Amino acid sequence: MSSPSSTRTASPPRPAPAVTGRVFPAGRPRRAGLRSALTASGFLAPFAVLFLTMMVAPICYAIYQSFFTVRRAGLFGGTQSTEFTGLSNYADAFGDHDFTASIVRVVLFGCVQVPVMLVLALLLALLLDSRSARLRKTYRLTFFLPYALPGAIAALMWSFLLVKDLSPFTGPLSHLGIDVDFLSPSWVPFSIGNMITWGWTGYNMLIIYSALQTIPAEVMEAAALDGCTGWRLAWAVKIPLVRPALVLTTVFSIIGTAQLYTEPAVLVGARIPGVDPKFSPIMNSTVAMDVGGQNLAAAQSVVLAVITLVLSFGFLKYNQRKGAMA
Amino acid sequence: MDRTTIRSRRLLALATAAVMAFGVAACSDDKNDSAGESGHSGPVKMEFWGWAGYEKIVDQWNAAHPDIKVTFKKIPSGPAGGYTQINNALAAGNGPCLAQIEYQNIPSMLVKNSVMDITRYASDGMDKYVPSAVSASSVGDKIYGVPVDIGPMVLFYRKDLFDKYGISKPPATWAEYKADAEKVKTADPAVKFGTKLGDGAGLASFTLQTGQSWYSTQGDSWTVNIDNPGTRKVASYWQDLKDQGLVAKHGSAWDPQFNKASEAGKVLTFVSASWAAGGLKSDLKGEAGKWRVAPMPTWEAGDNKSASSGGSATSVITGCRTPREAVQFADFLSSDPQAVKTGIEGGLYPASKAGQDDPLLTGGDPFFGGQKVGDVYRASAARVPSTWTNGPTFQQVETDFTGAIGKGTLPEAVTKVQTSTVAAIKKLGLSVTNG
């Protein structure tokens with residue numbers, strides 16, 4: 001029987017290398033500790049500075065802004081004053097039908113699009129990983145290529161491919177008696193889902209594929225000896241072993257879906273009727289910002305961030321618990 | 001000291017240097033219009049943001065004015081995100097000194113405290129510009145921008161296709177427009193006479209032609225009147241044309257769909273502002289000599305009312321430390337003969353009275369078969385009713401119309417946006433009543 005691991009990274013898992021660098025001479029523990037702390041902070045400093053200024057500070061500022069309201073007087077609000085209004089911006093955000101509808105829309109959208117994309121990514125990764133795969137590198141690159149295209153450009157390209165009269169698909173379909181407009185209101189969510197699936201499947205596939213590569217060779221060998229091959233091997237051995245990668249890609253996808261913006265915004269920018277300019281929550285806060293409601297926009301952003309946090313961490317926790325029980 | 005320690009020290013030093021370099025870079029990105037504050041010790045430097053092709057004009061200014069240097073930065077067009085960019089930069093303390101602002105957006109910029117009152121610098125030069133543009137750049141007796149170009153609306157039509165379908169002259173009224181559209185549909189249902197009306201800006205322009213206005217003010221209070229008889233008439237007229245398949249359902253001028261239909265000879269006309277000629281010439285070079293320009297059809301025969309769409313002014317942005325120099329530049333951009341000529345070449349119809357007499361406009365235009373299109377634009381500009389008032393929430397109205405038209409009919413959209421606009425103005429904290 002040939003080894004199923006011939007293409008796998010050949011070396012069997014080595015014993016963990018001794019961490020010689022961290023073993024300090026027993027006589028001088030304090031100075032060494034100080035030195036390593038300095039080293040650590042030196043390495044951390046660039047990240048910490050960027051993280052604090054680019055992430056933490058804006059988030060704090062948005063939270064702060066969300067508790068205030070600009071009061072205006074006069075025809076053009078010439079006299080303005082900012083006052084603390086507590087949660088009133090949050091009340092406005094939840095009272096705004098367009099905003100709440102966009103949250104529901106994006107959640108429903110994610111429930112359909114994320115599973116479709118991840119199942120597709122898993123299938124492709126398994127196919128690439130299978131023993132009989134040919135031209136592995138070529139296919140890996142091909143599947144990954146859409147991700148290399150900037151999202152806005154990909155969306156623009158798809159808008160040309162989908163818009164009626166220019167689309168290479170609608171013409172032939174109408175000859176078959178199927179008259180569809182992929183950018184009509186009822187089709188738009190599916191068209192956007194298609195764009196995102198096209199762009200991100202390769203990315204997720206690559207993460208899952210890397211996880212498949214790290215499955216120890218002896219596990220595969222043992223499975224092969226037990227006569228476990230093909231789909232059964234994938235289902236019973238590979239998929240359970242790449243579960244962490246699947247959880248990771250799901251969390252990434254949940255976050256990505258919550259931040260949906262580029263694709264619908266490009267379609268709106270291309271003046272395609274039928275795409276709601278308030279399709280996603282972020283688009284709502286952009287509109288609020290445009291009309292001078294930066295405090296409302298801040299509140300909407302905070303709401304969106306909390307929802308994203310709850311969904312992604314909730315999913316993570318649920319999986320950890322399930323993993324612990326198993 | 002062992003090698004690992006040396007290496008880690010070196011890395012630490014490197015990291016520190018990187019952080020410092022980053023910090024210094026951030027500091028050196030100073031405000032560039034600060035030179036003027038300390039008694040003009042050096043040359044004045046100003047930034048100018050806009051989306052029209054102003055680069056060449058800025059170069060001309062810089063060549064002639066070595067002590068007032070203007071840097072032009074191209075931003076996305078206002079409604080496509082340019083205004084947001086200006087307002088965000090302003091909030092962050094990095095706003096430009098000058099910016100291109102469309103007339104209809106001036107009140108919205110005022111609400112955000114983004115544009116400066118330039119009356120005392122600009123009032124003397126205002127008689128150089130056509131009165132409608134001056135009033136569009138002002139609110140009450142205060143001036144908020146120097147007018148650059150105006151957008152008198154006209155009917156662009158294909159002479160060759162008119163001949164083909166036996167239409168002897170361009171429609172003078174909207175009734176004739178519909179009759180011509182029916183005639184074309186009977187000859188070939190796949191060919192459309194015109195393009196649909198599909199957004200808030202279009203609806204506003206057509207409403208202007210009826211002599212109605214979406215807004216009015218009384219003291220410190222706004223009245224919103226989007227749902228008025230004029231707009232209702234316009235909305236049901238265009239909805240009817242769309243329902244009957246008389247105008248192209250998908251695509252209006254400038255969409256790739258329009259260009260494709262035009263290349264196939266499947267669309268005969270579109271109604272738009274003079275600046276649309278620039279797009280026609282660059283997108284449809286192959287149709288040179290086939291297009292003509294006619295006055296915008298009217299509601300009543302001979303009522304002589306036209307409309308305008310777009311056009312913009314150069315405004316001085318709040319916080320600019322050299323407003324006097326900024327206005328000098330804005331005036332140059334709008335009225336210097338060479339600058340105006342450069343603008344016309346780029347497709348702008350000038351707000352400057354002298355500019356409208358430029359030979360480029362009064363002579364025949366080969367793209368339009370040698371027609372003197374400047375005369376048509378000028379006549380249209382003179383017939384634009386002066387009844388319109390712009391509202392304080394331009395972007396919201398645009399967005400809400402786009403959303404509502406996507407979901408329903410034009411008349412339904414009018415009712416919806418009336419309500420949402422009153423709510424939006426109220427939310428801004430301004431006083432507002434339902435018209």
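Domains and contacts

In this predicted model, the centres of domain 1 of chain B and domain 2 of chain B, taken over C-alpha atoms, are separated by 27 Å. The domain assignment makes up domain 1 of chain B from 41–150 + 310–367, and domain 2 from 152–309 + 389–434.

Where the two domains meet, 19 residues of domain 1 of chain B are in contact with 20 residues of domain 2 of chain B. On the domain 1 side, at least two residues each come from helix 4 (106–111), strand 6 (146–158) and strand 13 (308–316) of chain B. Helix 4 of chain B gives the most to this side, with four residues. Sorted by class, the side of domain 1 of chain B that touches domain 2 of chain B has eleven nonpolar, seven polar and one charged residues.

Chain B also touches chain A: 40 residues of chain B are in contact with 38 residues of chain A. Two or more residues of the chain B side are given by each of helix 1 (3–28), helix 3 (82–91), helix 4, helix 11 (256–263), helix 17 (394–407) and helix 18 (410–428) of chain B. By class, the side of chain B that touches chain A divides into 16 nonpolar, 18 polar and six charged residues.

Chain A itself has 13 helices and two strands. Of its 326 residues, 31% are buried. Among contacts in chain A between residues at least 6 apart in sequence, 69% join residues at least 24 apart.

How values were computed:
Residues numbered from 1 in each chain as written. Chains lettered and ligands numbered in written order. Predicted model: local features only at pLDDT ≥ 70, side-chain atom pairs only at ≥ 80, totals over all residues. Domains from an automatic or database assignment. Contact = placed C-beta atoms within 7 Å. Nonpolar A, V, L, I, M, F, W, Y, C, P; charged D, E, K, R; others polar. Buried ≥ 20, exposed ≤ 12 C-beta atoms within 10 Å, placed from the backbone.
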